Amino acid sequence: MVEETRTTCPYCGVGCGVIVQADDAGWRVRGDPDHPANRGRLCSKGAALAETLGLDTRLLHPVVDGTQTGWEEAIAETARRIRSAIDQEGPDAFAFYLSGQLLTEDYYVANKLAKGYLGTANVDTNSRLCMASTVAGHRRAFGSDTVPGCYEDLELADLVVLVGSNLAWCHPVLFQRLKRAREERGTRVVVIDPRRTDSCDIADLHIPLPPGGDVALFNGLLAHLEAEGRLDSAFISAHTEGFAEALAAARTGTDRPAPDVERFYRDFAATERTVTVFSQGVNQSSQGSDKVNAILNVHLATGRIGRPGMGPFSVTGQPNAMGGREVGGLANQLAAHMGFDDASVDRVRRFWKAPRMATREGLKAVDLFRAVDEGRVKALWIMATNPAVSLPEADLVRRALDKCPVVIVSDCVADTDTLRHAHIRLPALAWGEKDGTVTNSDRTLSRQRAFLQPPGEARADWRAIAEVARHLGHGAAFAWTSPAEVFDEYARQTAFENGGRRDLDLSAWVGADYETMRPAPWGGPRFFASGRFHHPDGRARFVAVRPMEPRETTTPSLPLRPNTGRYRDQWHTMTRTGLSPRLSGHRPEPLLDIHPADAAELGLADGQLARVESRCGDYLARVRATPDQGRGEVFLPLHWNDVHAARSVIGRLVPAHVDPLSGQPELKHVPVRVRPWNPSWHGLLVTAHPVEAREASWWVRHRADKAQVLDMAGDDPRQQDSLIARLDREHGAERIEVVDPVRRTARYGWLVEGRLAAVLFLSPQRPDAAQGWLAKLVGEPLTDASGRAAVLAGHPASPVADEGRLVCACFSVGLRTLERIIGEQRLATVAEIGQHLKAGTGCGSCVAELRSLLRARDAVAQAS
């Protein structure tokens, strides 16, 4: 029997179960049919996990001040520098900045060391950028950070409202579950989003609410529910406080709703089984906490919470953002869903036998890096995240890292924007090597299991922290020998002096068999069905909220509002997804989505490069004119960074405005202007190894087949000479070329021992070449004249089907293939496309795009 490993996917907060199996070709990954989160389904990213297991980009050995060292020296030096900072400046001179990519065990050990043994609560996480406003909203309303429902509620509901959530791209498996429910039982779907996204493919109603309009919308809904007699007065009276104040605030400034909004209000009022799903479009706002509470208010007012098929539901972005919240991996939480009240501080102190207990909240992410910049934090340990890209005011973050005396970075890759600022680099385990637990968006606790041996000297993060603790003199409290022992201590902490007073209680997991642990939700599938909440009096709280404008508004000089978010097949800053050619095929570069009318007014053509400028910085991207984007608004992806592109870091655009309660940055709204960027030359480089075209003013790279493909452009023709000279140095003297000085075009090929090593095309316009075909030739023998001529032409001598941009990542089906087969076979439905090409029959994330291709074909036919 071939051995299988059951583990979990390392991407979004859905927390899908994965089965990994070795075969002669390497590793095979498939969905786990027994896991309650996905029941065998996987999205395009999960399905491509086996393509990301290589070691080419890995950090494999500790590095101190640029010199490779052994672990003992690296740990000793890490401990010495942390101790020096604390001895000179006090405990708050040190901070951890963690990640929802960490396992719960990693989070627990870091939290214990900082808050219990170093005396600082400066333990924050990139989850601050993701769902901190939900945490704040939950705690205000429920008295605890408790997710009330479960995924099954999406399938039991009669109405599902998606607010600020492109579920189709960001949580594709949940989207497929919702889509199936709609097909099988007629579930109605309302999408509230400024853009028309692929989630609208199953929507009965799309409300293109402008950014910042959520509080007004849900306040209006609360007022409508009261006016129509749709409140659950018995529930409000028996189980809540503050309703009168919340209703008074909701009535203030409520105008007559637009027809679509009124339709939504009526549908919500009439449908008991309603689930409201919300995500970053709600959270990433300077009023994010109020937006969350506006949503929670309408569910409390109708008593639609804690019962099957109803309730508010926050979907998280990372695989263990929930585990970090539970363990205390936020600066404003202590541990195990306990805060910094005196009783909790005393309880945690006694459980940990802590000698130097933190007694007050620490610095949240944005304030933390400001403190680093101001010199108040002298030593910073960053784990499994890339704040030089993801945080707002990214140039300030980079300046802060340069100024910080001690920057320690634990990561599994050798090069990120953040690692470039590190004094100490510690090699961490990656997915497939890690062993521990994670918690997904509906509180299901699952095991992430190892099936690979650690490469090089890579080490578990919890173990590295424990070793530093030992060097700091705390070895006895950090003497675990396995992640199972760490987890058991954490489970016992959640149960310690609990007695049902706190929601998080893992008593059932204490002493459990770690190796055979099955996925299950802590607390059961739902909370609050009894009407008892976690405020001291057991009652929920309505929160009176009022609409507020974003912190910065548009002006004549900055007239557009950008929205930011994820692409379907990419993840965070692409350290993993960037390794997969098929995941790079759908969106190989960052695109500026803009309405065609706005593009025309600004003199922008589809496919042209444009510069987006805010008061903080700029961003270069290629224009994608689309009516799915609202007028006056643009959309930019968050993934690109200085390792994969030039001038495409979203954090450089965004000012660091935060929600005053949660500390979560406003990443969905910043005034910008957009202008055409007209470089003097364009280039295309196809090469075997990852490179950065530093000679160019702008470049972006992606993986295709066994090669790296770089699009580039520049302001100065002399940049081309520098690039050619570097490629000559790197690849030797055998160069083939075709140069046309009149048209100012040049095409070069470099061969090493007769094999194609690189191809470079230069032109005043973007070079026309079959990139996929060229990528397949890299590393292949190229000896005959006709083959060399075809390479320099950029196209094969005999016609070969060019797939074009990838649409279906699961089965690698490109746009041009789809257009050709749809036309030749006269296909009329997505099902027929699936029968011919399999496109749309995998994860289903491309179905909306397949439908749009059919509509476009029909529109052309009608026009002719």
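As the model is predicted, local features need pLDDT of at least 70 and side-chain atom pairs count only at pLDDT 80 or more, while totals for chains, interfaces and linings use all residues. Residues are numbered from 1 along each chain as its sequence is written, and side-chain values use heavy atoms, with hydrogens and water left out.

I begin with the interior. In soluble globular proteins, nonpolar side chains tend to be buried together. A nonpolar core here is a set of buried Ala, Val, Leu, Ile, Met, Phe, Trp, Tyr and Cys residues joined through side-chain atoms within 4.5 Å; buried means under 20% relative accessible area, exposed over 50%, and partly exposed in between, with a 1.4 Å probe and protein chains only. The largest such core has 110 residues, and F96, I192, F218, F264 and W381 have the most contacts inside it. Helix α3 gives the most to this core, namely eight residues. Helices (H or I, at least four residues) and strands (E, at least two) are DSSP runs, numbered from the N terminus. Contact means heavy atoms within 4.5 Å. Apart from neighbours within four places in sequence, F218 is in contact with V163, I192, F264, T276, A294, I295 and V298. A second, separate core has 49 residues, including A37, L167, V191 and W571.

Rings of Phe, Tyr and Trp (the six-membered ring of Trp) pair if their centres lie within 6.5 Å; planes under 30 degrees apart are stacked, over 60 edge-to-face, and the rest tilted. The whole structure holds 28 such pairs. In one of them, Y11 and W571 have ring centres 5.7 Å apart and planes at 70 degrees, so this pair is edge-to-face. Y11 lies in the loop between β1 and β2, and W571 in the loop between β21 and α21, so the pair ties together parts 560 residues apart in sequence. Both Y11 and W571 are buried. F487 and Y490 also pair edge-to-face, at 6.2 Å centre to centre and 70 degrees between the planes. These two are three residues apart in helix α20, and therefore separated by about one helical turn. F487 is buried at 3% relative accessibility, as is Y490 at 1%. Ring pairs link F487 and Y490 with Y108, Y117, W352, F478, W480 and Y514 into a cluster.

Helix α20 is also among the elements covering the buried residues of α19, together with α2, β6, α3, β14 and β15. Those buried residues of α19 are D461, W462, A464, I465, A466, V468 and A469. Just after α19, G473 takes a positive phi of about 95 degrees.

Which residues other than glycine have a positive phi? K353 does, at about 55 degrees, and R744 does, near 60 degrees. Most residues other than glycine have a negative phi. K353 is in the loop between α15 and α16 and counts as exposed at 68% relative accessibility. R744 lies in the loop between β30 and β31 and is exposed, with a relative accessible area of 51%.
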